[in-house]
Amino acid sequence: MTASSSQQTPNDAATQLDELAADVARLTKQVTDLQQTHAERGHADDGGDQPPLYSTVEEWVNTYLLPTFPRPVSEVGMSRWHWCEQWWRHDEAVTRLTALWYGWEQARLQMTGMLPWLRELDHQLPILYGDDGPFRNCAVIGDLGAARHHSSPEMPAEPAPAEWWSWWD
């Protein structure tokens, strides 16, 4: 092999350099596209940085839950379902409805997220609206056409003895 045959001409080197630069640019674009796709899928799977569709549980209850899942409610003892227009005064209801709202916000972002959420809703609605639920003492319409609200009495509880929870530490 002669010295002249092993050396590349400046044009050949420039062409190879251009080809390498084009390959690097193509691969860089592929990596960027893959990273973007991964980030989008990641956000769709876990909710990512998506803001909630409803800003409060009250907005979700009034705008989504009640219109979408109406139940026939009436006087105490006259219906299977009980509701209180002042639902926000019932701590149990607020807790359950807030959990349903958070779950709904998460579920709406997942392809099949509504399926387990609907099972949870089907479990919670009879508890919320049922004969033993937080609205059991409230009436939608009273004698004079006004809603009646009666909070349930709190359950009595005694404090535990001083050392009772020490096993937890």
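Me: Let us take contact as heavy atoms within 4.5 Å. What kind of model is this, and how are its residues numbered?

Reply: This is a predicted model, in which local features need pLDDT of at least 70, side-chain atom pairs count only at pLDDT 80 or more, and totals for chains, interfaces and linings use all residues. Residues are numbered from 1 along each chain as its sequence is written, and side-chain values use heavy atoms, with hydrogens and water left out.

Me: How many helices and strands does the protein have?

Reply: The protein has 5 helices and 0 strands, and its elements run α-α-α-α-α from the N terminus on. Helices (H or I, at least four residues) and strands (E, at least two) are DSSP runs, numbered from the N terminus.

Me: Which residues in α3 and α4 meet?

Reply: On the α3 side they are Val57, Trp60, Val61, Tyr64 and Leu65, which meet Leu97, Thr98, Leu100, Trp101 and Trp104 in α4. By class, this contact of α3 with α4 has 9 nonpolar, 1 polar and no charged residues. Ala, Val, Leu, Ile, Met, Phe, Trp, Tyr, Cys and Pro count as nonpolar, Asp, Glu, Lys and Arg as charged, and the others, Gly among them, as polar.

Me: At what angle do the axes of α3 and α4 cross?

Reply: They cross at roughly 75° and come within 10 Å. That makes α3 roughly perpendicular to α4, since angles of 65 to 115 degrees fall in that class (under 35 is roughly parallel, over 145 roughly antiparallel, the rest oblique). Axes are lines fitted to C-alpha atoms, for helices over the stretch in contact, and angles run from 0 to 180 degrees between N-to-C directions.

Me: And what about α3 and α5?

Reply: The axes of α3 and α5 come within 14 Å and cross at roughly 100°, so α3 is also roughly perpendicular to α5. Here Trp60, Tyr64, Leu65 and Leu66 in α3 meet Trp117, Leu121 and Tyr129 in α5. The contact has 7 nonpolar, no polar and no charged residues.

Me: Back to α4. Which of its residues are buried?

Reply: Ala93, Leu97, Thr98, Leu100, Trp101, Trp104, Glu105 and Ala107 are buried, and what covers them includes α3 (57-68) and α5 (114-129). Buried means under 20% relative accessible area, exposed over 50% and partly exposed in between (1.4 Å probe, protein chains only). Over the protein, buried residues make up 24% of the 169 residues.

Me: Is Gln124 buried or exposed, and what does it touch?

Reply: Gln124, which lies in helix α5, is buried, with a relative accessible area of 10%. Not counting residues up to four places away in sequence, Gln124 touches Arg96 and Leu100.

Me: Where is Val73 found?

Reply: Val73 is in the loop between α3 and α4 and counts as partly exposed, at 29% relative accessibility. Val73 and Cys84 are 11 residues apart in sequence and 9.5 Å apart in space, C-alpha to C-alpha.
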